[in-house]
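This briefing goes through one protein model, from its overall dimensions to its ring pairs and a few individual residues. The structure is shown first, and the notes follow.

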Amino acid sequence: MSGSTQAHSVVAPSQLSRRIAGTLVIVYAVITMIPLVWIVLTSFKTPPDSIAYPPKVMFTPSLEGYVNLFTTRTRQSPEVIAQLPPPTTWYDKLVRSRNMVIAGPSNVIPRFVNSIIIAFGSTFLAVVLGTLAAYGFSRFRVPLKDDLLFFILSTRMMPPIAVAIPIYLMYRELGLSDTRLGMILLYTAVNVSLAVWLLKGFIDEIPREYEEAAMIDGYTRLQAFRKAVLPQAATGIAATAIFCLIFAWNEYAFAVLLTSGTAQTMPPFIPFIIGEGGQDWPAVAAATTLFVIPIFVFTILLRKHLLRGITFGAVRK
C-alpha cells in the first residue's frame with residue numbers, strides 16, 4: 001500500500017513550470033539555429049556584402065555564391081569580353097558582370113557524390129556489423145565479454161590524429177589511399193564500436209521470449225533474429241544509423257590526410273574554395289548549405305525513431 005501511495009503522490013509539473021521549460025527550450029533552439037541561418041543568408045549575398053562591416057542583415061539576394069560554387073571562372077579584360085557572343089543564360093550574364101567567363105564546372109559535384117557514397121556506405125556496414133555483434137554479446141556467453149566490450153569502446157578514446165599517421169602509412173602500402181573503399185572501411189571500423197555499444201543496450205531490452213517462441217514454432221536462430229529481434233530493434237537501429245552517419249558525414253581529420261582528389265569528400269573541399277582575391281565566402285556558405293541538406297533530411301525522416309531511441313530503456317518496468 002505504501003508503495004502504491006507513493007506512486008500516486010507524484011505531483012505533476014505546474015503550468016508555470018511547463019511554460020518556463022518551454023520558453024527555455026525555444027530560446028535554446030533559436031540560439032543554436034542562428035549560425036545555420038546566418039550561413040544560409042550568406043550564401044545569397046554578394047562577396048562585398050558577405051564581408052561588410054557591420055554585417056548586413058538586409059541585402060539584395062544574389063545567386064553569385066552558388067554560381068561560383070558550381071563553376072570555375074577566368075578573369076578577362078573588358079576588350080575580350082566585348083568580343084564574346086552575348087550571354088545566353090542568367091549565370092553567364094552574372095559572371096560577365098564581374099569581368100569573368102565560365103571556364104567549366106567545378107569539382108563540387110564529385111566531392112558531394114564521394115561524401116554520399118562514403119558516409120552512407122560506411123554507415124550501412126557499421127550498422128549491419130554492429131547489430132550482429134551486439135546480438136552476439138547480448139544473447140550468448142562470450143568469453144571475456146566485458147573485456148572485449150571495453151576494448152571496442154577504447155578505440156574511440158583517442159583523437160583521430162593520434163592514429164592518422166600509422167593509418168596513412170598502412171593505406172599507402174595497401175593502395176587504399178585516396179580511394180572510396182579505403183574511406184568506407186576506415187569509417188566503418190571507427191563507427192562499429194559506437195554501433196555495438198548503442199545496439200547492445202537496445203537488444204538487451206528485447207525479451208528473449210520472442211525469439212524462443214519463434215524457434216519453438218520451427219524457425220532457426222537466424223530466422224528468429226530476422227523476424228523477431230530486428231523489428232523490435234528497428235528504433236535502436238535507426239538512432240544508431242543517424243549517429244554513425246553524422247560522424248562519417250562530418251569527419252575531417254582522416255579525410256584531409258587520406259584523400260586529395262579521387263575520393264576527397266566535402267569537409268576538406270569546402271575550406272579551400274578560393275575566389276578572386278581570397279576566400280569566396282558566399283561560395284563557402286553555399287557549399288555548407290548544400291552539405292547540410294542530406295543529413296538534415298535523413299534526420300527529419302527518422303526523427304521519430306531518434307526520439308524514441310535516445311529515450312528507450314530510460315524507464316524500466
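Predicted model: local features only at pLDDT ≥ 70, side-chain atom pairs only at ≥ 80, totals over all residues.

**Pro-47 and the wider model**

**Surroundings of Pro-47**

- Leaving aside residues up to four places away in sequence, Pro-47 touches Glu-64, Arg-98, Asp-280 and Pro-282.

**Overall dimensions and surface**

- The radius of gyration of the protein is 26 Å, whereas a compact globule of 317 residues would have a value near 20 Å.
- The C-alpha trace of the protein, taken along its principal axes, spans about 90 × 60 × 40 Å.
- Of the 317 residues in the protein, 36% are buried, and the accessible surface comes to about 19,200 Å², with 69% of that area belonging to carbon and sulfur atoms.
- Among contacts in the protein with a separation of 6 or more, 73% are accounted for by residues 24 or more positions apart.
- The protein carries 26 positive and 17 negative side chains, and a distance of 7 Å lies between the centres of the two sets.

**Aromatic pairs**

- How many aromatic pairs does a search of the whole structure find? The search finds 9 aromatic pairs.
- In the pair formed by Phe-44 and Tyr-66, the ring centres are 5.3 Å apart and the planes stand at 45°, so the pair is tilted.
- Phe-44 lies in the loop between α2 (15–42) and α3 (47–50), while Tyr-66 lies in helix α4 (residues 64–70), so the pair ties together parts that are 22 residues apart in sequence.
- The two partners fall into separate accessibility classes: Phe-44 is partly exposed at a relative accessible area of 30%, whereas Tyr-66, at 15% relative accessibility, counts as buried.
- For Phe-112 and Trp-249, the ring centres are 6.1 Å apart and the planes are at 85°, so this pair is edge-to-face.
- Because Phe-112 lies in helix α7 (residues 108–139) and Trp-249 in helix α13 (residues 234–250), the pair ties together parts that are 137 residues apart in sequence.
- Phe-112 is partly exposed, with a relative accessible area of 21%, while Trp-249 counts as buried at 2% relative accessibility.
- Ring pairs also join Phe-112 and Trp-249 with Phe-120, Phe-291 and Phe-298 in a cluster.

**Leu-148 in helix α8**

- Leu-148 has its place in helix α8 (residues 145–154), and this leucine is partly exposed, with a relative accessible area of 37%.
- When residues up to four places away in sequence are not counted, Leu-148 touches Phe-137, Val-142 and Pro-143.
- The C-alpha atoms of Leu-148 and Leu-16, which are 132 residues apart along the chain, are separated by 49 Å.

Conventions:
Residues numbered from 1 in each chain as written. Heavy atoms only, no water. Rg over C-alpha atoms; globule rule 2.2 N^0.38 Å. Buried < 20%, exposed > 50% of the residue type's maximum accessible area, 1.4 Å probe, protein only. Contact = heavy atoms within 4.5 Å. Areas by Shrake-Rupley, 256 points an atom, 1.4 Å probe, with all protein chains shown as cover. Lys, Arg positive; Asp, Glu negative; His and termini not counted. Charge placed at Lys NZ, Arg CZ, Asp CG, Glu CD. Phe/Tyr/Trp six-rings, centres within 6.5 Å; stacked < 30°, edge-to-face > 60°. Helix = DSSP H or I, 4+ residues; strand = E, 2+ residues; numbered from the N terminus.
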